[in-house]
Structure formats: structure tokens, C-alpha cells
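Thank you for making the time this morning.

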Amino acid sequence: MTRHPAPQGTILEIQRMSTEDGPGIRSTVFFKGCSLSCGWCHNPESIRPEPQIQWLKTACIGCRLCLDACPQKALTRAANGDIVIDRKLCLGCGTCAEVCPSAAMELLGKKWTVSALADELVKDRAFFETSGGGVTLSGGEAALQHDFCLALLRELRARDIATALDTCGQLSAKALTDLLPYVDVLLYDLKEIDPQKHRAFTGRDNEKILANAVLAARFKKERPYPKTLWLRTPIIPEATDTADNLRGLGDFIRERLGNAADRWELCAFNNLCRDKYLRLGLDWPYAGKSLPEKSQMEELAAVAQSRVPSLAVSWSGSVRLADRAGGKNKTARGC
Amino acid sequence: MNMVLTPEHTMKQPGPLSDRIRWLRDYYFRGTERAWNNEFTAWTTGTPWDVIYNELTFYIVPETYPLLATLGASYLQAARPVALAPDFWNWSLSERRAWFVRETIVNYVPQEILPGDLIAGARFNIQTSLCFTEAESQQWTRQVKGKNGARSKMKWFHDHGYGNAGATSGHLIPGHERALALGWKGIYADLMSVYNALKPQERAGAKGAQLRAMMTAATMARDLAGKYRLLCEKLAAAEPSAARRAELQTMAANLSRVPWEPAATFWEAVQALWFNHMLVMTDENYPGAGVSLGRIDQYLYPYYEKSLRDGMPREWAKEILKCFWIHANTAYDAMIRNGNQGITAGFGQLVTLSGLGAGGEDMTNALTYVLLEVIDEMSPILEPKPNVRLHRQSPDALLDKIVAMIASSQGAPFLLNFDERSMAGMMREARLAGLSHLITEGNVHEYAPVGCLENTMVGNDRSGTVDNNINLLKAVELALTGGRDLLPFTDPMTGKTEPIRQDGPRTPDAASLKTWEDFWQAYAVQTRCIIEKCANLYETSEAIRARFFPTPYLSCLVKGCAEKGLDVTQGGAEISFTTLEAVTFATTVDSLLAVRYLVFDRRICTLPELVAALQANWRGYEVLQAQAKNRAPKYGRDDDAADALARQVMELWCGETWRHKTRSTNRQFRPGMLSWNYWAGDGYILAASADGRMRGQFLSNAICPSNGADIHGPTANTNSVGKVLGGKAPDGGDWLDYINFLPNGASHTITFNPSILADPAHRDKFKAFLRGYAQNGGTALQINLLDPDMLRDAQAHPQDYRHLLVRITGYNAYFTTVGRELQNEVIERVSHRKF
């Protein structure tokens with residue numbers, strides 16, 4: 001009898017001792033590939049499913065080894081010394097990253113087997129146990145690599161590691177149904193209540209996302225898993241940062257999710273990812289946008305709270321420097 | 001995916017403080033502007049051959065090498081004569097010394113009490129004559145300064161990048177609990193009964209002399225207390241304020257009893273403790289480095305509890321302790337005219353709080369929290385340096401307090417020790433050194449750290465915790481060259497370049513090392529050699545100290561000395577190790593990993609090419625250097641393959657260390673990792689290394705990963721550290737399932753972004769990290785919480801940041817007073833960055 005080869009996943013990064021991706025101390029696995037393409041995305045390198053090359057100017061020592069090594073001749077050196085990647089020619093084979101002595105050429109997205117990845121993730125078991133933490137699958141959209149994601153969740157459950165899935169919700173009901181029994185904590189993004197706006201912001205309307213939220217909420221109430229449901233809304237300037245949106249999302253949560261959610265967090269936009277877009281050769285329409293003001297975050301949180309009186313609403317992230325004094329919530333993770 | 005760094009330009013402010021304490025604290029920080037200070041005064045027998053400065057004790061401080069001759073000469077020049085007892089020159093050296101120190105501090109050094117102070121005992125820093133006869137003086141001079149003397153050997157060792165070694169004062173925990181309980185009266189009586197039990201010929205010999213010296217020393221605290229009592233009475237008589245008059249009267253009453261009689265109240269106990277502690281520094285002519293106080297929340301607790309019952313307000317206990325805190329800081333006045341930092345920075349009169357008890361129970365008590373409040377309210381201030389012992393069952397309330405203090409300070413105002421791993425190391429040293437009757441499962445919890453984090457037993461243990469500092473990296477250099485320095489040494493003073501010699505064993509040259517195993521073998525041979533060289537160098541100064549520099553007062557406070565009739569400098573302590581502290585651990589491991597990766601695994605270059613690159617300081621080999629830096633594996637990332645080599649390195653050098661004992665005093669060498677500031681300074685001495693480091697760049701610090709190497713964050717860093725210390729053995733370690741190859745302990749610093757303590761939820765995560773550290777990590781942890789913007793601002797405006805404390809290896813320092821390079825280094829390692 002032949003066995004199916006073990007599924008492999010394309011993983012962008014593993015971040016250990018993450019304190020921002022669920023309860024306790026966590027190791028977060030960033031999957032590559034996303035089912036949405038949000039204009040504000042803080043992890044643009046996670047959107048495309050295939051491996052990509054990026055060049056880190058500050059690490060480059062100008063040795064030119066990559067230029068000669070590229071089998072596609074996709075690399076050239078500009079007059080100012082910058083390495084230019086012709087994205088049309090580049091196949092993401094990683095040869096340049098292999099030869100680069102200074103790790104300036106970086107292959108974004110590496111292949112992992114389930115067992116190798118799980119071996120890496122269990123290394124912080126002691127810290128998971130002392131903190132009530134575990135492993136979070138994030139991305140990108142982890143569920144997009146469905147088989148691998150499911151196999152990894154199962155493996156972690158077998159090794160007695162608590163799991164969290166951080167999802168945008170844009171996946172089939174079947175896929176979500178498969179995954180949920182292996183998820184201890186579901187981190188669920190609700191970005192925009194208006195379907196047209198949602199499509200404009202993310203490339204997709206929110207029909208599936210809202211339906212899956214209802215599905216997850218029902219699961220949580222009726223089944224052993226997920227045990228915890230955290231909702232998250234990115235507060236993006238001139239996009240999701242309207243009171244109308246928060247009211248609409250709040251009404252949806254109250255009316256359709258019952259009391260399933262355990263908390264709802266508003267995550268302030270941050271602009272630290274400008275360099276990432278540059279490195280990937282992408283324009284970023286949000287490059288010029290500034291951080292929200294603290295007062296705005298507080299107002300939006302109050303609006304949200306008014307719609308869901310029984311649910312704990314909080315906000316997190318960096319706010320504009322001038323009004324930061326005295327603020328308690330000062331750190332952010334790209335939502 | 002990114003944590004946002006948020007600058008927080010807030011300085012920890014002291015307080016709340018009473019007017020009394022605020023005045024004393026502000027006064028202290030006026031430094032050289034003060035009318036009163038505790039700088040060294042020098043005292044001579046008046047002979048033309050007198051020697052005053054025991055330079056051996058500074059051989060582990062390379063910054064002082066250019067000053068040794070000057071300091072010795074200037075103390076002599078400034079010294080005032082002390083009228084000698086008529087039969088002074090008929091006594092043994094230790095008796096002369098005991099008498100001279102007592103005579104000086106009691107009858108020559110002035111006694112003063114600062115306004116409002118509740119603790120007597122102000123000036124204690126003195127440089128006294130070594131009390132030599134002419135013949136002794138000649139011998140000393142020849143053995144120290146002669147052509148092949150201790151000084152020139154020490155300089156050769158340091159100049160050639162091996163490290164340093166020297167018999168150093170301080171660095172132990174005297175038996176304070178016993179001294180408080182018995183008083184000096186009881187100690188004196190014990191000495192007398194040992195002396196009386198001696199056979200006549202013993203009495204006439206060295207043993208008798210030593211005990212007589214100790215009995216003389218045992219009256220020093222009594223006589224000085226008598227002087228201070230008179231002063232208190234005089235001040236009280238002239239004092240207009242009734243409240244202050246009453247304080248002075250109580251102080252006089254205290255001093256009429258302690259430290260001669262057993263302490264009866266908390267105030268008496270703290271007064272006695274200060275006297276007993278301060279006079280160690282007097283006796284050793286050494287201002288405080290590593291003269292540690294042990295578990296003060298444990299042995300002061302009965303006095304605290306009794307006085308509370310008798311009506312002492314809790315705040316008053318804090319007021320008394322805060323005066324003790326001020327006094328401890330005046331140790332720094334010793335060389336105050338050289339600046340209040342410089343070579344006198346980072347002393348480490350360590351106090352220990354909390355920790356395990358006999359039955360595995362937690363020993364945190366009400367006094368622990370009182371002391372934490374004192375530390376919090378006095379911070380930022382350097383001394384006494386606190387170390388909090390944590391273990392797996394440490395109570396949440398303690399962790400909450402600790403985390404709150406870390407959050408409000410610029411970093412932890414204390415070090416954290418971890419009991420299970422530390423006790424495993426103590427049990428291991430007992431087994432390996434045949435001391436299982438002295439360090440047992442029943443008493444190992446009584447251990448306490450010295451100086452920063454160097455674990456020892458208490459009251460019967462001097463383990464020379466800073467005496468030997470070896471650069472493990474030197475063995476990699478010698479393995480690459482067949483035992484010859486990679487670069488010739490040029491004396492910066494004379495400009496003369498020495499020819500390269502065959503200093504190490506003649507292992508095969510680079511071209512002949514064909515496999516990784518060949519290379520490892522050469523490294524092992526060279527490691528054996530450098531450790532032997534270090535032990536031999538140490539022997540030189542250990543023998544001189546044992547012969548010429550008795551400290552009979554200190555010997556009274558260390559169990560074993562009276563019983564053996566041996567001074568503590570002669571190996572009198574029941575437990576008498578000397579510790580070899582390995583420096584450059586991660587640089588060494590990373591260099592070996594790079595050799596294996598570049599030469600043997602990937603065949604990117606040959607070994608001779610790598611040697612050429614290092615000789616050229618990587619110039620012209622930039623691609624190879626980048627590969628070494630960025631592509632070769634590194635220790636500190638929880639990479640099992642890399643950490644396995646790190647553990648191999650650890651087991652090798654520890655094994656070599658255990659092979660040595662001092663010949664003159666029979667002290668066993670034991671391993672540890674402290675590395676003080678050598679990893680910075682010696683980076684300019686050691687040639688470029690295979691890990692990609694250029695000459696002049698810093699080496700790695702203690703057990704920490706190389707700067708910037710810990711790209712997988714604090715948990716991975718922690719796991720690597722725990723693994724190389726021995727990890728855990730499921731079938732039984734040295735303590736529970738823990739193994740610890742380094743009984744001395746290992747300095748580990750992790751810098752966190754302040755966001756980790758931003759709110760209660762994050763603080764809980766940080767507490768959980770500490771609990772995880774107790775499971776997986778090392779023996780000691782220092783928490784830095786810094787952000788780079790603040791540090792850059794401090795560089796630009798040092799005047800605004802005079803009190804900004806940072807931790808650089810095992811000691812605190814005021815940021816603005818450390819060198820620019822070290823400042824930059826601290827800034828660089830604030831965030832865990834990729835190369």
C-alpha cells in the first residue's frame with residue numbers, strides 16, 4: 001500500500017514568545033498565502049502563496065554573487081548599487097538567497113513538514129504551560145493551506161499543545177468545519193460590515209466571512225472546540241475606522257453570534273510595514289496615512305461597546321505620539 | 001508580525017522618602033562636592049621599606065594595570081604614621097596586621113555621624129601598611145615586581161589575550177547570622193577556647209599566631225563601637241531637637257551593646273550588621289567588591305518580628321534599612337577623586353531575598369517585602385545590590401511585586417537567581433570536590449550568591465568567584481595556528497613588537513587538520529593548555545597572598561579558619577574553591593561552528609585561507625566574513641545541533657577546570673561564567689575570530705549568545721542557556737532532575753522591550769516567562785528593559801541621565817559613565833535584531 005506523501009506547508013516565519021496572538025506566551029506560525037488582499041495589509045509578503053524573494057539593502061555587502069547565480073537572469077544592479085528584482089522573471093527558486101553570504105537576499109516562504117514544524121513548536125512547551133499559551137497559526141490565511149493546516153493542528157493536539165487559529169474567515173464552511181475541532185482558541189477577524197466596502201478594501205465581499213463567523217459561534221456553543229473566540233477588527237484610516245462600521249459589526253455580533261465571543265479587540269493601524277512594500281517592489285496606498293489618535297480609538301471602542309454591552313471590548317496598538325502620554329495600550333501587532 | 005517600539009522617556013524616581021533619607025540620598029549623590037566622604041586614607045608603620053598597596057587584588061581589573069605603580073607610590077606618599085606598640089616587631093605578620101588595622105580604624109580614622117543618620121560607622125575605606133619587616137618587604141617586592149614576578153606574568157597573560165587572574169579580596173558571604181546571634185563576645189570566646197586547646201608547640205607556631213591575630217581582630221568592632229557610642233552621647237547632649245536627641249541616645253545605647261553583645265532588637269541587628277560588614281572592607285583594604293551579605297530577609301527576620309511585636313512601626317524598620325543602604329554606597333567614595341565611577345564601578349555588596357527553605361518550602365516573609373520596598377523607594381541606587389531567589393513555587397505575590405518593580409524601573413533593580421538550577425550546581429561541586437558532608441540535600445538551600453550571581457555557601461565558603469577569568473576563544477586561535485599567537489603583540493607603551501613564539505602545544509598546523517575531528521582535537525589540547533596556564537598564573541598571586549596578606553578579622557567570620565588555625569587567605573574556609581570564570585563562551589562556540597560550517601561541512605574555504613582571513617582582520621575577505629556571520633549556525637537560537645556543540649565546549653572546559661588545585665592553599669578550581677566587563681575590553685586584544693568578529697569588536701558576555709545572535713527571542717535564548725548548562729536528566733539530576741555544570745552560576749542578561757510590561761495581561765505573560773525560565777533556563781537572569789531612543793538621548797544629554805542604570809554583565813552601572821563603545825553596545829542589543 002502506498003502512502004500519500006506527508007503534506008508540506010509554505011511558512012513565512014515562526015515567531016516565538018509572541019505575546020500578541022492569543023492567550024499566554026505563544027509561538028506563532030505565519031503561513032504564506034492569503035484569501036484576501038487587504039489594501040492595508042501589514043504583512044504583504046504573506047499574501048501570495050508562492051515563495052518570493054526580497055532584498056535587504058542594509059544587509060547587502062555588494063558582492064554581486066546573486067547576479068551571477070540567478071538562473072532566470074532576473075537580477076540587475078542599479079547605478080546606485082541597489083539590486084533590482086524583475087518580478088516577471090523571478091520564479092522564487094531561492095538560488096540567490098542560497099548564495100548570498102550576508103542574508104540580504106531572502107527567500108520568503110520555506111517548506112516545512114508537519115513533524116519538523118511541530119518539533120520546532122514544542123520547544124517552548126514549558127513557557128506555554130506556565131502562561132496558558134500555545135501555538136497560533138496565522139498568516140496570511142493559514143486555512144488556505146488546508147491539508148497542512150489540519151495536519152499540523154492534529155499533530156499539536158496529539159502532542160498536547162494548545163492551539164489557536166488566526167483566520168480572516170474567507171474559507172469554505174467545510175474547511176472551517178474540519179479545522180475547528182482542533183482549535184482551542186479562534187481568533188476571528190471582522191473587518192467591515194458593508195459588503196461593497198469590504199470588497200473594495202479586501203477584494204472579496206464579506207458574505208462568507210459573516211456566515212463562517214456564525215458557524216464558528218455555533219460550534220463554540222455546541223461542541224467542545226473552540227473553547228475561546230476572540231474577535232478582532234483592524235481600525236484603518238479612511239476605511240474601517242467609521243462609527244457606522246463599528247455599529248454594524250456590533251449589531252452583527254450581538255444578533256448573530258449570541259454570546260459566543262469572549263472578547264472583541266480593535267487593533268489600531270500601524271505604518272511600520274512601509275519598508276516591506278518597498279522591498280517587495282509594491283506600492284502601498286496607506287504609506288502616507290498616519291496612526292489614529294488615542295481619542296479616536298477610545299471613541300470607536302465606546303461605540304462598539306455600546307452595541308455589545310455583554311462583551312468585553314478593548315483596543316490595542318500604537319497611536320499618534322502627541323496623545324500617547326498616559327495611554328496604557330501602546331503596542332501593536334499588524335492585524 | 002512586528003512589535004512596535006514605543007519610546008518611554010521616563011526616569012525612575014526615588015521615593016517616597018522621608019526628609020531624613022532624601023537628604024542623605026541627595027547628599028550622597030553630590031559626590032565630590034560633599035564636605036564629608038569615605039575616600040581612602042593611607043597609614044604607615046613609618047619604616048622606609050613599608051608597602052601599603054596590595055596590588056594583587058586588582059590583577060583582575062585590567063583598567064588599573066597602568067596605575068599599579070602610581071597607586072602604590074601615592075598611598076605611601078600620603079600615608080600618615082601610626083605609633084606602634086612596643087613589641088610590634090616581635091609579633092607574627094598576621095598579629096601585626098590585626099593590631100595595625102584595629103589601631104588605625106579605632107584610634108586614627110575620625111568617627112562621624114551624618115545629619116539624621118540612624119546607623120553609626122561612617123569612614124571605613126583605608127589603605128594600611130602591610131606591616132612588613134625589611135626582609136618581608138624585599139621578598140614581597142621581588143615576588144610581585146621582579147623580572148619573573150606576579151605582575152609581569154599577569155601582564156603577559158593579559159597582553160596575549162588569555163584573560164587575567166589574581167587573588168582578589170571580597171567575594172564571599174561572612175557568617176553574619178552567627179555574629180549577630182553570638183556577638184563578637186561569643187566569637188572571641190570561641191577563639192579563646194580553640195586557642196586554649198592548642199598544644200604548647202602549636203601555640204608557639206603559626207596556628208597560635210593566627211588565633212592570637214584573630215582574637216585581636218575580634219575586639220576591633222567592640223572598640224570602634226565604643227568610640228561611636230561616645231560620639232552619639234556627645235551629639236545628643238548638644239542636640240536641640242528632642243526627637244533627634246532621642247534617636248542619638250538610642251544609637252548610643254545600641255552601640256553600648258552591639259556588635260559585642262548579641263543583637264536584641266532590629267535596630268541593633270542592622271547596626272551590628274553594618275559594623276561587621278564594613279570592617280571586612282576595612283580589614284581587606286578593599287571597598288566592597290563582592291563582600292556580600294547573604295539572605296538578610298531570613299537572618300534579620302527574627303529581630304524584625306520581635307521589634308514589631310515590641311511596637312516598632314514597619315516604616316521605622318524601612319527607615320533604618322535605608323540608612324544602611326546609604327552607608328553601603330559610600331564604599332564608592334574610596335577613589336572618589338577619580339570620578340565616582342570609573343574603576344570603582346559595580347562593586348556588588350549583594351543582598352539575597354526569598355528562595356527555598358529546608359523542606360522545599362518558599363521562604364518569602366514579611367521582611368522580604370519590606371526590603372523590596374526599600375529597594376524600590378531608594379532606586380535608582382547601586383548598593384547594596386539585590387538578588388531575588390526564585391524557584392518553581394515562588395508565590396504570585398512576590399512575582400507581582402518584582403514585575404511591578406521591573407516595570408517602573410529602567411530595568412530590574414535586582415538580579416534574579418533560580419534555585420533549582422543553582423542548587424544542582426552546588427550539589428555537583430560537593431560531589432566532585434568531596435564535600436558532600438558540607439553541602440547536602442538538607443542544607444543546599446542555604447546557598448546564596450556573591451557579588452552578582454556567584455553561588456556559594458554562607459559563612460564557611462570562600463570560592464574566589466572572580467579570581468580567574470579565561471578567554472576560551474584563545475584556544476580556538478591557538479588551534480588554528482598550531483599553538484602560536486595569530487598576531488604579534490606590540491606593547492602600546494614602548495611600541496616594541498614581540499616575536500611570535502610557540503606559547504601553546506604544537507598541535508598540527510592548519511593545512512594538516514583534515515577533518516573536523518582533527519580540528520576539535522587540536523582545540524581540546526589548546527583548551528587544556530590555556531586553563532593550565534591560568535591555574536599556574538593564579539598560583540603565583542595566591543601563594544603571595546597566603547604568605548603576605550592575612551585578613552584575620554574576616555577570618556573570624558568564616559567557619560574553618562579558627563578550627564584549622566589558618567587565615568581565610570590560606571585556605572582556612574571549610575569550603576575553599578577558586579573559580580575559573582570563562583569569558584567569550586558564545587564567541588568561542590560560534591567560531592567553532594563557523595570553522596565546521598565554512599571549512600568542513602560546506603567547504604567554502606580551506607583552513608589556511610580562514611587563518612589568512614583572520615590575520616588580515618577579514619580585510620579582503622568580506623564575503624567569507626559575511627558567510628561566517630550570517631550563514632554559519634549560532635549558539636542561542638535553540639538550534640539543537642548548534643547547542644550540542646556548545647555543550648561539548650562546556651563539558652570540555654569544565655572538565656579541564658576540575659583537574660586543578662592551588663598548590664599553596666589546596667583550593668579546588670571550579671567553573672563559572674561571569675565575564676564582568678572583559679568581553680568588551682579584551683575584544684581589542686584578541687585577534688579576529690572565525691565567527692566573523694573583527695578585532696576590536698566585542699566578545700560575547702558570560703553565557704549570553706553573541707550580540708545579535710538570539711534572533712529567535714527570549715524563550716529560544718533561555719532554552720539554549722539551559723541546555724548548555726546540562727539541561728535536565730529525567731532519571732535524576734544533581735538536584736531533582738536539574739543538571740548544572742557551573743556551580744558558580746552563569747550570568748545571563750536578556751533585554752526586553754518595555755511593551756512586555758505594558759498592561760496587566762502582558763505582565764502576567766512576563767511572570768509566566770520567569771516561571772518558564774525556572775524550568776528551562778540558567779542560574780541567574782538580569783532583565784534589561786530599555787529602548788534605544790532613550791539611550792541615544794542619554795548619550796547626547798548625559799547630564800539629564802546621571803542616574804540611569806543599565807546592566808552590563810553581572811553588575812549595574814550608570815549608563816552615562818560607561819565608555820562610548822559599551823554604550824553603543826547596549827543600544828545595539830536593546831532589540832533582538834537580525835544581522
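Turning to chain B, the division is into domain 1, with segments 19-155 + 168-283 + 292-426, and domain 2, which runs over 468-828. Between the C-alpha centres of domain 1 of chain B and domain 2 of chain B there are 30 Å, and the contact takes 66 residues from domain 1 of chain B and 63 residues from domain 2 of chain B. Helix 17 of chain B, residues 419-433, gives the most to the domain 1 side of that contact, with seven residues. That side divides into 41 nonpolar, 15 polar and ten charged residues.

Let me move to the sheet in chain B. It is an open sheet of six strands in the order 5-6-7-8-15-14, with mixed pairing, and its edge strands are strand 5 (294-295) and strand 14 (749-752) of chain B, each of which pairs on one side only. Inside this order, strand 8 of chain B (residues 415-418) and strand 15 of chain B (residues 780-785) pair in the antiparallel sense over two bridges, and Leu416(B) has Leu781(B) in strand 15 of chain B as its bridge partner.

Next come two helix pairs in chain B. How are helix 3 of chain B and helix 8 of chain B oriented to each other? Helix 3 (residues 93-107) and helix 8 (residues 206-217) of chain B pack at an angle of about 5°, with their axes 8 Å apart, and helix 3 of chain B and helix 8 of chain B are therefore roughly parallel to each other. Among the residues that meet there are Trp99(B) and Arg102(B) from helix 3 of chain B and Ala213(B) and Thr216(B) from helix 8 of chain B. The residues of this contact divide into five nonpolar, three polar and four charged.

For the second pair, helix 11 (residues 266-284) and helix 14 (residues 314-329) of chain B pack at an angle of about 5°, with their axes 10 Å apart, which makes helix 11 of chain B roughly parallel to helix 14 of chain B. Here Phe266(B), Trp267(B), Val270(B) and Trp274(B) in helix 11 of chain B meet residues of helix 14 of chain B including Ile320(B), Leu321(B) and Phe324(B), and this contact divides into eight nonpolar, one polar and no charged residues.

Finally, a word on confidence. The predictor gives the complex an ipTM of 0.93 and a pTM of 0.93. The mean pLDDT of chain B is 92, and 93% of its residues reach 70 or more. However, pLDDT stays under 50 over residues 340-345 of chain B, for which the model has 15 contacts beyond four places in sequence, and pLDDT also stays under 50 over residues 831-835 of chain B, with 13 such contacts. Where pLDDT is low, the predicted coordinates should not be read in detail.

Key. Residues are numbered from 1 along each chain as its sequence is written. Chains are lettered from A and ligands numbered from 1 in the order in which they are written. This is a predicted model: local features need pLDDT of at least 70, side-chain atom pairs count only at pLDDT 80 or more; totals for chains, interfaces and linings use all residues. Axes are lines fitted to C-alpha atoms, for helices over the stretch in contact, and angles run from 0 to 180 degrees between N-to-C directions. Helices (H or I, at least four residues) and strands (E, at least two) are DSSP runs, numbered from the N terminus. Angles under 35 degrees count as roughly parallel, over 145 as roughly antiparallel, 65 to 115 as roughly perpendicular and the rest as oblique. Two residues are in contact if their C-beta atoms, placed from the backbone, lie within 7 Å. Ala, Val, Leu, Ile, Met, Phe, Trp, Tyr, Cys and Pro count as nonpolar, Asp, Glu, Lys and Arg as charged, and the others, Gly among them, as polar. Two strands pair if DSSP finds at least two bridges between them. pLDDT is the predictor's confidence in each residue, from 0 to 100. Domain bounds come from an automatic or database domain assignment.
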